[in-house]
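Subject: Structure handover

Dear colleague,

Here is the structure for your files. My notes on it follow below.

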Amino acid sequence: MNKKMIVYILGKMLGTEGLLLLIPAVVSLLYKEKTGVYFLVVAAVLFALYLGLGRKKPENKQIYGKEGFVIVGLAWILWSLFGALPFFLSDCIPNYIDAVFETVSGFTTTGSTILQNIEALPKGMNFWRCFTHWIGGMGVLVFVMMITSLDTDNSMSLMRAEVPGPEMDKLVPKVRHTAKLLYQMYFVLTIAEVIFLMFGGMNLYDAVVHSFSTAGTGGFSNRNASVAFYDSAYIDGVITVFMILFGINFNLYFLLLLKDWSVLKNEELRVYLGVVAAAIVTITINILSMYETVAHAFRYASFQVGAIITTTGFYTADFEQWPELSKTILMMLMVIGACGGSTGGGIKVSRFMILCKSIRQEIHKMLHPNAVTMVRMNGKKVGADTMRSINIYFSAYVFIIIVSVLLVSLDNFDFATSFSGVLTTINNVGPGISQVGPTDNFHAFSALSKIVFSFDMLFGRLEIFPYLLILSPDLWRKRF
């Protein structure tokens, strides 16, 4: 394993985070907040680490898939540990584990929080909190690849380890150009949402932070009541539409730019939109008695469905008070998640589709033992490697949930709280049910549970494999 190259790339990553910390420092300066100095202190430390680790490229530049997974896994941990320091040093979040939890939740676009009075945070701190969603939405390494050369020779190994979904494809021959195209589309959609929200009466600051959180499908808000604070059907509608848009595979937007209308026949897109529509209709009917009109029920149902399936985590209604059918549907959407290649979390629609098709294939083979069958997605054969990785992913996913629930249960909360807390963090959703519902948060859990939740968020965002590899003793043996 090329450890020198791993250290070199991590050094460049830390230097980039130092640059990014200058942005909330400027925001703090604009609002005349003294807490901005803490962003500068941490940025200075990161620049020093960059100078020591990330300036001189090793002679052996070659890395492979295993190095890519290690770099991605460690980069996210290091960014979270350093990104938490401004909260901790400024005493905005006095407990460092709480600060790390909040930062991991930001970068992984989960949106779970330990803060009980979000509006008490300084503007700069709230900006950084929501900005972590925007950076983490596409992936921290994809972001760094877009703005720097990072490591052009090995960038595919890095990007494949970070981009969510069963498979990762390049849009153009050069991976750095792919990263730029992804972020150009990401940036345009974010700016569009900012403009639409300002038309609805939001000020620029609120529009930007909510657009950051929507784009990253994260869910942090600068308001204690989340989007419900604005009590606006227009704002609810805009955010609902953009949440669903950011839950779509960004490769499809690229194909649309090329006027390739075969996108409309994409199986994952059709199933994703079909699930969203079916869930909205069912929940609207189920909660109709709780609201004055069908329009009101539809408004709140569509917002919560969009927020949960894309794992954004905003809320405009306390769905903990909804009938059991509606809560069950939302829990199912929490697991399914958005499309592969989107900023959304969850298991991903494409994985569920492949799983369902493989079950159907096995049933067909039982009925017709001599038949030659294969699983296809969008007319293409799903390879044996992809099928195997999906089966391993599901097995690891269930195992991690079981272990996490057992550890969290030491805090003696009810099962619904413990289970939904684990489920919402590993799927990068944000709110769960019971005592971690939309109007509650994670502040009451112990330090151990918060560490477990933090790792669950990282497992969910990077889709388990990088950390399984890092935890494997074989990886660190000298012969590798």
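A residue counts as buried when its relative accessible area is under 20%. Tyr-467 has a relative accessibility of 3%, so it falls in that class. Please keep in mind that this is a predicted model.

Aromatic pairs

The search of the whole structure gave 33 aromatic pairs. One of them joins Phe-101 and Phe-442, with 5.6 Å between the ring centres and 40 degrees between the planes, which makes the pair tilted. Phe-101 belongs to helix α6 (residues 96-107), while Phe-442 is in the loop between α19 and α20 (447-461), so this pair ties together parts that are 341 residues apart in sequence. Phe-101 is buried because its relative accessibility is 0%, and Phe-442 is buried as well, at 2%.

Tyr-467 also has an aromatic partner, Phe-459: their ring centres are 5.6 Å apart and the planes stand at 85 degrees, so this pair is edge-to-face. Phe-459 has a relative accessibility of 12% and therefore counts as buried.

Thr-425

Thr-425 is part of helix α19 (residues 415-426). Its relative accessible area is 0%, so Thr-425 is buried. A polar atom of the Thr-425 side chain lies 2.9 Å from the backbone oxygen of Val-422.

In soluble globular proteins, nonpolar side chains tend to be buried together. In this model, the largest nonpolar core contains 135 residues, and Phe-250, Tyr-272 and Tyr-397 have the most contacts inside it. The element that gives the most to this core is helix α18 (residues 384-408), which supplies ten residues.

What does Tyr-272 touch, if residues up to four places away in sequence are not counted? The list comprises Met-243, Ile-244, Gly-247 and Ile-248, then Ile-309 and Thr-310, and finally Ala-338, Cys-339 and Val-349.

Charges over rings

Two cases are noted here. The charged end of Lys-123 sits over the ring of Tyr-205, at 4.6 Å from the ring centre. For Arg-223, the charged end sits over the ring of Phe-229, and the distance to the ring centre is 4.2 Å.

Regards

Technical notes: Residues are numbered from 1 along each chain as its sequence is written. This is a predicted model: local features need pLDDT of at least 70, side-chain atom pairs count only at pLDDT 80 or more; totals for chains, interfaces and linings use all residues. Side-chain values use heavy atoms; hydrogens and water are left out. A nonpolar core is a set of buried Ala, Val, Leu, Ile, Met, Phe, Trp, Tyr and Cys residues joined through side-chain atoms within 4.5 Å. Buried means under 20% relative accessible area, exposed over 50%, partly exposed in between (1.4 Å probe, protein chains only). Helices (H or I, at least four residues) and strands (E, at least two) are DSSP runs, numbered from the N terminus. Contact means heavy atoms within 4.5 Å. A polar contact is a pair of N or O atoms within 3.5 Å; within protein, one must be able to donate a hydrogen and the other to accept it, and residues adjacent in sequence count only if both atoms are side-chain atoms. Rings of Phe, Tyr and Trp (its six-membered ring) pair if their centres lie within 6.5 Å; planes under 30 degrees apart count as stacked, over 60 as edge-to-face and the rest as tilted. A charge sits over a ring if NZ of Lys or CZ of Arg is within 6 Å of the ring centre and within 35 degrees of the ring normal.
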